[in-house]
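Thanks for making time this morning.

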Amino acid sequence: MMNKDSLVRKFNKQAPTYERNSRQRTLGKWRSALLQGIEGNVLEVAVGAGANFPYYNRDAVDLTAVDFSPEMLKSAERMASELHLDVTFKQHDIETLQLPEGSFDSVVSTLSLCGYEDPLRAINMMNEWCKPGGSIRLMEHGISDNKLLGTVQHLVNPAARRISGCHLNRDILGIIQSSGVEIIKSERYYGGMVHLVWARAT
Ligand SMILES: C[S@@+](CC[C@H](N)C(=O)[O-])C[C@H]1O[C@@H](n2cnc3c(N)ncnc32)[C@H](O)[C@@H]1O
């Protein structure tokens, strides 16, 4: 188990890279597809540098964004102000965040389940914070279904966790399937390592 302060420091250091990628619209095609039709009171967990901000309809969403890294949040604030997107920011650890049950119409998480100590609990919390029947949209990475690639991911995982704070070899789809959310549709890309998931809160 990694100490949370050291994890926050790791992500703080990566904020300039995430900000650059957000400006360059990295993974924009998938982010845009994932956020189609999202509206209302929206919670984005582990927002990073605001890479999803360009894909929200700013007239249709009331966005709350949470991350535990103050440097990521500064980058995200710059992105929001450039896009004239109104966002309420909260600096908090998602794994200890307490929000009223059913307080959001939608919950969005992209590339966040790789970082938590307990990803299953985190997704179940997202399910709880979302209104029953509300949208849960996820873009997450994990273990490939290609044997060779998966073996490489297992081998490099300890170094990846140490350097970037992310786990590379989690069975992300399995974790989502075993959570309380109801999966409507899922797509798998990039050697089977990236999942786009459209789900409903229950
Ligand atoms: C891989 S980045 C993804 C950022 C962004 N969601 C994106 O799609 O580009 C992971 C983000 O999760 C944040 N994070 C990781 N664990 C967290 C936790 N327990 N609580 C809050 N934020 C966390 C990091 O600070 C970082 O901004």
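This is a predicted model: local features need pLDDT of at least 70, side-chain atom pairs count only at pLDDT 80 or more; totals for chains, interfaces and linings use all residues.

A polar side-chain atom of Asp67 lies 2.6 Å from an oxygen atom of the ligand, which falls under what I will call a polar contact, that is, a pair of N or O atoms within 3.5 Å, where within protein one must be able to donate a hydrogen and the other to accept it, and where residues adjacent in sequence count only if both atoms are side-chain atoms. Residues are numbered from 1 along each chain as its sequence is written, and side-chain values use heavy atoms, with hydrogens and water left out.

Staying with the ligand, a polar side-chain atom of Arg31 is placed 2.9 Å from one of the ligand's oxygen atoms, whereas Ala46 takes part through its backbone, an N or O atom of which lies 2.8 Å from a ligand nitrogen. Taken alone the ligand exposes 590 Å², and the protein buries 98% of that, with the areas coming from the Shrake-Rupley method with a 1.4 Å probe and, for residues, only the protein chains shown counting as cover.

Thr110 sits in strand 4, and for the elements I name, helices (H or I, at least four residues) and strands (E, at least two) are DSSP runs, numbered from the N terminus. Is Thr110 buried or exposed? Its relative accessible area is 7%, so Thr110 is buried, given that buried means under 20% relative accessible area, exposed over 50%, and partly exposed in between, with a 1.4 Å probe and protein chains only. Setting aside neighbours within four places in sequence, Thr110 is in contact, meaning heavy atoms within 4.5 Å, with residues including Arg31, Ala46, Asn52 and Glu140. The side chains of Thr110 and Asn52 are joined by a polar contact of 2.9 Å, and the side chains of Asn52 and Glu44 are likewise joined by one of 2.9 Å. Asn52 belongs to the loop between strand 1 and strand 2 (61-67), and at 1% relative accessibility Asn52 counts as buried.

Next, the nonpolar interior. A nonpolar core here is a set of buried Ala, Val, Leu, Ile, Met, Phe, Trp, Tyr and Cys residues joined through side-chain atoms within 4.5 Å. The largest one has 26 residues, of which Leu43, Val45, Leu113, Met126, Trp129 and Ile176 touch the most other members. Among the elements that each supply at least two residues of this core are strand 1 (40-45), strand 4 (104-110) and strand 7 (194-200), but helix 4 gives the most, with five residues. Not counting residues up to four places away in sequence, Leu113 touches Pro119, Ala122, Ile123, Met126, Glu140, Arg170, Ile172 and Ile176. A second, separate core of 17 residues includes Tyr55, Tyr56, Met79 and Leu85.

Finally, the charged pairs. Taking a salt bridge as a side-chain nitrogen of Lys or Arg within 4 Å of a carboxyl oxygen of Asp or Glu, the count comes to 11. In one of them, Lys74 pairs with Glu71, the closest N and O atoms being 3.0 Å apart, and because the two are three residues apart in helix 3 (residues 70-82), they are separated by about one helical turn. Lys74 is partly exposed at 41%, and Glu71 is partly exposed at 31%.

In another, Arg188 forms a salt bridge with Asp145, with 3.8 Å between the closest N and O atoms. That pair links distant parts of the chain, since Arg188 is in strand 6 (residues 182-189) and Asp145 in the loop between strand 5 (130-141) and helix 5 (147-164), 43 residues apart. Arg188 is partly exposed at 36%, while Asp145, at 54%, is exposed.
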